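Here's a quick briefing to read with the model open. Have a look first, then work through the notes by topic.

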Amino acid sequence: MANLNLVQAINLALIQEMERDDRVIVLGEDVGTNGGVFRVTEGLQKRFGEKRVVDTPLAESGIIGTSIGLAMGGLRPVPEIQFEGFLGPAYDQICSHAARMRTRTRGAFTVPLTIRVPVGGGIHAPELHSDSPEAIYSHQPGIKVVMPSSPYDAKGLLISAIRDPDPVIFFEPKRVYRAVREEVPEDEYTIPIGKARVVCEGGDLTVISWGASVIQCMQALEKSSRSIELIDLRTIYPLDLDTIEASVKKTGRCGVVHEAPLTAGMGAEVAAQVMERCFLHLEAPVQRVTGFDTIMPYYKLELNYMPDAARIALAIEDAATY
Amino acid sequence: MPRNVVHKVEIERVSILDEHGNYDAKLGDGLIGDADLVRLYEAMSSCRYLDEVAFKLQRSGRMGTYPQNMGQEAGSLGAAFILDKEDWLVTCYRENCGLFWRGVPMESILLHWMGDERGNAMPRAHFATPIAVPIGTQMLHAAGLAWASKYRGESRIACTFFGDGATSEGDFHEAANFAANLDLPVVFCCQNNFWAISTPGRIECSAPTVAQRGVAYGMPCLQVDGNDLFACVYAVKWAAQRARQECKPSFIEMVTYRLGDHTTADDARRYRDQAEVDIWKERDPLIRTRKHLEQKKLWDSSKEEAMQARVKIDVDAAVVRAEEIASPAAADLFNSMYAELPAQLAHQRDTMQTHSLASEHGVRTTGH
């Protein structure tokens with residue numbers, strides 16, 4: 001057991017899966033010699049060689065397109081896209097090929113692929129280095145979308161993603177990378193994709209969040225006198241609707257918190273599902289605390305854009321006193 | 001200081017059997033045995049007849065939009081013939097002839113264009129990837145497949161087909177760049193048929209040849225007469241050898257022509273002259289191959305008649321097989337989405353024809 005941050009936990013998961021399965025290879029821009037711009041792949045090339053940890057040309061569609069071929073050819077590629085803002089050039093390969101391959105060939109070809117992508121704001125990064133596009137990819141049938149908020153979850157979820165027979169986008173919240181440390185077992189363990197975590201139990205209100213926003217929610221909870229149940233979805237698609245339903249039926253009140261823009265964000269889907277499943281239990285409308293329907297601002301204003309503990313606390317009070 | 005030449009490029013063109021029947025024995029002999037040549041001609045004839053049948057099926061409402069392959073049979077067939085049976089063939093949608101040679105059943109292709117995903121459920125033993133619809137995206141998969149094979153130390157290479165329009169797509173350039181820089185055993189075959197639907201080649205590529213696009217990536221490049229089966233076999237043999245022995249990619253431009261419309265939804269008369277089509281009809285790969293066979297006393301009109309009768313029986317039987325396959329169950333649209341269907345998708349499947357999702361949870365809904 002070691003006290004690790006998110007970067008180290010993901011690094012450990014990669015090492016252990018690469019040791020366990022020689023079909024696992026890491027590829028992307030600067031992932032080799034440089035260990036990735038966030039150092040998530042630090043030391044991997046030295047340990048596993050240039051054949052398994054590959055510095056590719058600077059071309060996101062190329063990275064994902066060749067990864068699809070690698071996966072169809074029987075390997076388990078784990079490509080890194082340097083920032084979520086540069087996932088766009090690979091959108092066509094992800095949505096027109098990776099997501100569709102199994103169903104359009106009725107299972108004859110599959111794409112076991114884990115795309116690692118640093119995501120979200122809060123680290124004073126330049127433009128296009130701070131977005132939250134998880135809803136875009138959750139809307140695309142055929143892929144799974146994961147976003148851990150803690151080192152422990154990140155290790156277990158990444159191992160599950162690499163072993164998953166279908167394509168997974170594994171979003172890593174940059175703001176959490178070095179902000180949190182916790183005990184992460186050296187021993188192998190997995191966390192199932194599609195299962196949320198109840199961070200803390202409570203009876204007055206359910207708060208649902210994921211990624212770095214979970215940390216902001218915890219800060220808001222600390223200041224609140226109410227009994228709040230906090231759910232970290234961990235997987236954005238498929239949603240763990242059973243955990244959401246059980247909690248909201250218990251509390252009757254619910255808020256959703258995410259960094260991505262409001263309109264058609266995953267908060268909308270969660271709210272609709274809560275309406276369908278818990279309507280007669282609800283005592284207040286579902287509250288959404290999200291980024292705004294604006295372009296993610298440059299970093300001078302990024303903290304005004306992202307949900308913080310104060311905004312979350314207001315929404316909690318609104319929902320609790322409705 | 002004067003400007004100095006630091007690099008000069010020359011593109012070679014190979015033609016072995018031209019439309020006038022001229023045959024270069026020095027390059028051509030030994031490439032294709034007599035018996036194989038007869039089989040290859042029959043394969044092209046069969047593919048051509050399928051095109052005719054498919055067109056009629058579409059016009060009579062028995063099949064959806066279909067892209068005819070007419071005129072472009074030689075390129076993919078030449079590749080499939082000379083490659084190892086376990087080399088990857090990564091194609092778009094005008095390579096039926098090569099796929100059939102590989103063993104892909106005709107009814108699979110028909111089924112695909114009849115709107116049934118099961119047409120793509122090709123056994124892995126064919127080492128052919130499913131038809132790729134988004135233009136110019138599949139060359140990256142070929143690079144990845146070749147990479148996987150290299151990673152495992154196998155001798156399997158990947159050969160990918162695409163059109164001249166596809167070389168305008170960014171993914172083509174990324175695939176060429178990846179393959180060249182990462183030393184991947186890929187054979188890039190561009191079927192330059194001069195028309196990307198209505199867009200002429202000059203809008204896709206201003207360079208004098210498409211072949212030289214490969215030069216920018218440090219690949220050896222060759223232009224061949226793409227309606228010349230011998231030249232296509234020659235070029236793919238050359239490129240495959242480099243891929244297998246040196247683990248490096250090559251680029252082949254096969255100059256050919258789409259004799260038909262882009263698809264059954266297109267009308268090529270809107271954008272190209274019949275005079276141009278007539279010129280290319282003279283250059284048809286089937287006509288010159290037949291003439292060559294006749295010159296070699298391997299073929300005559302009675303053999304042609306017997307072969308056409310065989311082809312008709314085979315193709316018509318494939319159509320019957322394709323049409324006899326029962327429509328998929330409605331639930332099939334869900335069942336291959338993931339290896340394990342997520343609960344909410346299973347729920348959508350199980351309630352797709354009964355009631356709204358909300359009513360399942362005891363919520364009163366209207367309208368059903």
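The centres of domain 1 and domain 2 of chain A, taken over C-alpha atoms, sit 26 Å apart. Domain 1 covers 2-184 and domain 2 covers 197-321 of chain A, with bounds from an automatic or database domain assignment. Keep in mind that this is a predicted model: local features need pLDDT of at least 70, side-chain atom pairs count only at pLDDT 80 or more, and totals for chains, interfaces and linings use all residues. Residues are numbered from 1 along each chain as its sequence is written, while chains are lettered from A and ligands numbered from 1 in the order in which they are written.

**Where the domains of chain A meet**

- Domain 1 of chain A puts 26 residues in contact with 24 residues of domain 2 of chain A (contact: C-beta atoms, placed from the backbone, within 7 Å).
- On the domain 1 side, the elements giving two or more residues are α6 (134-138), β6 (144-146), α7 (151-163) and β7 (168-173) of chain A; helices (H or I, at least four residues) and strands (E, at least two) are DSSP runs, numbered from the N terminus.
- That domain 1 side splits into 12 nonpolar, eight polar and six charged residues. Here Ala, Val, Leu, Ile, Met, Phe, Trp, Tyr, Cys and Pro count as nonpolar, Asp, Glu, Lys and Arg as charged, and the others, Gly among them, as polar.

**Strand β11 of chain A**

- Five of the five residues in β11(A) (228-232) are buried, meaning 20 or more other C-beta atoms, placed from the backbone, lie within 10 Å of a residue's own.
- I228(A), L230(A) and D232(A) point one way from β11(A), and E229(A) and I231(A) point the other way.
- β9(A) (197-200) pairs with β11(A) in the antiparallel sense over three bridges, and V198(A) has I231(A) as its bridge partner. Pairing takes at least two DSSP bridges between the strands.
- β10(A) (205-209) runs parallel to β11(A), paired over five bridges, with T206(A) bridged to E229(A).
- Between β10(A) and β11(A) the chain passes through α8(A) (213-223), in a right-handed β-α-β crossover (clockwise from the first strand over the helix to the second, with the strands pointing away from the viewer).

**Where chain B touches chain A**

- This contact involves 38 residues from chain B and 40 residues from chain A.
- On the chain B side, α6 (138-151) and α7 (170-181) of chain B each supply at least two residues, and α6(B) gives the largest share, 10 residues.
- By class, the chain B side has 20 nonpolar, 13 polar and five charged residues.

Methods:
Contact = placed C-beta atoms within 7 Å. Buried ≥ 20, exposed ≤ 12 C-beta atoms within 10 Å, placed from the backbone.
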